[in-house]
Amino acid sequence: MPGLRNKLKAASLKSISAPGKHADGGGLYLQVTKHPVAGNLRKSWIVRYRAATGKLREMGIGSFEDVSLANAREKAERIRHEVREGNDAVEVRAEAKQEAIRSRAAAMTFAQCAEAYLNAHQSSLARACKSLASCGGD
């Protein structure tokens with residue numbers, strides 16, 4: 001029956017162990033995958049929707065451990081709203097992440113940027129300095 005929602009029950013979610021996508025309705029799925037090496041199950045929430053371009057998209061909205069069923073339903077509803085407005089929710093999220101990166105970068109002073117670079121490359125710079133010292137390059 002199209003449009004049927006809220007098929008999954010919170011009490012029975014922990015017992016779902018079959019790998020695959022388990023539909024709640026309205027494009028919300030509990031995705032269960034099995035780790036190829038360890039063999040343990042991973043559960044996460046995804047929303048499937050068709051973008052305005054006609055492309056079928058999937059967007060992860062969090063792990064089963066971090067996102068409750070009620071919260072997953074709320075997030076799915078927000079995504080459906082974005083899609084109804086003509087937006088691609090995956091693109092909106094990617095643009096928001098890029099904007100956050102740009103605003104953090106714009107807020108850094110040169111000294112902060114230099115310090116972050118040195119901290120990030122500390123081990124490789126130390127190796128390079130040792131290498132130069134052993135070659136008589138000082």
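The model is a predicted one. Glu 77, at 31% relative accessibility, is likewise partly exposed. The side chains of Arg 5 and Glu 77 form a salt bridge, with 3.8 Å from N to O. This pair connects distant parts of the chain: Arg 5 lies in the segment before β1 (20–25), while Glu 77 lies in helix α1 (residues 69–84), 72 residues apart.

The structure holds nine salt bridges. Through shared partners, Arg 5, Glu 77, Arg 80 and Arg 84 are joined by salt bridges into one network.

Side chains of opposite charge can pair when their charged atoms come close. One such case is Glu 58 with Lys 21, a salt bridge in which the closest N and O atoms are 2.5 Å apart. Glu 58 belongs to strand β4 (residues 56–63) and Lys 21 to strand β1, so that this pair, too, links distant parts of the chain, 37 residues apart. Both partners are partly exposed: Glu 58 has a relative accessible area of 37%, and Lys 21 is at 38% relative accessibility.

Arg 57, also in strand β4, makes a salt bridge with Glu 91, the closest N and O atoms being 3.5 Å apart. Glu 91 lies in helix α2 (residues 89–107), so the bridge ties together parts that are 34 residues apart in sequence.

## Surroundings of Glu 58

What is Glu 58 in contact with, leaving aside its neighbours within four places in sequence? The contacts are Lys 21, Gln 31, Ile 46, Val 47, Arg 48 and Val 90. Lys 21 is also the salt-bridge partner of Glu 58. For Arg 48, ten residues from Glu 58 along the chain, the C-alpha atoms of the two residues are separated by 4.4 Å.

## Helix α1

Helix α1 has 16 residues, and the distance from its first C-alpha to its last is 22 Å, close to the 22 Å expected at 1.5 Å a residue. Its buried residues are Leu 69, Ala 72, Ala 76, Ile 79 and Arg 80. These cover an arc of only 100 degrees around the axis, which puts them on the same side of α1. An α-helix has 3.6 residues a turn, so residues three or four places apart point the same way.

The elements against which the buried residues of α1 pack are β1, β2 (28–34), β3 (41–50), β4 and α2. Arg 80 is among these buried residues and is also a member of the salt-bridge network that includes Arg 5 and Glu 77. Just after α1, Gly 86 has a positive phi of about 90 degrees.

Technical notes
Residues are numbered from 1 along each chain as its sequence is written. This is a predicted model: local features need pLDDT of at least 70, side-chain atom pairs count only at pLDDT 80 or more; totals for chains, interfaces and linings use all residues. Side-chain values use heavy atoms; hydrogens and water are left out. A salt bridge is a side-chain nitrogen of Lys or Arg within 4 Å of a carboxyl oxygen of Asp or Glu. Helices (H or I, at least four residues) and strands (E, at least two) are DSSP runs, numbered from the N terminus. Buried means under 20% relative accessible area, exposed over 50%, partly exposed in between (1.4 Å probe, protein chains only). The expected span of a helix is 1.5 Å times one less than its number of residues. The arc is that of the directions from the helix axis to the C-beta atoms. Contact means heavy atoms within 4.5 Å.
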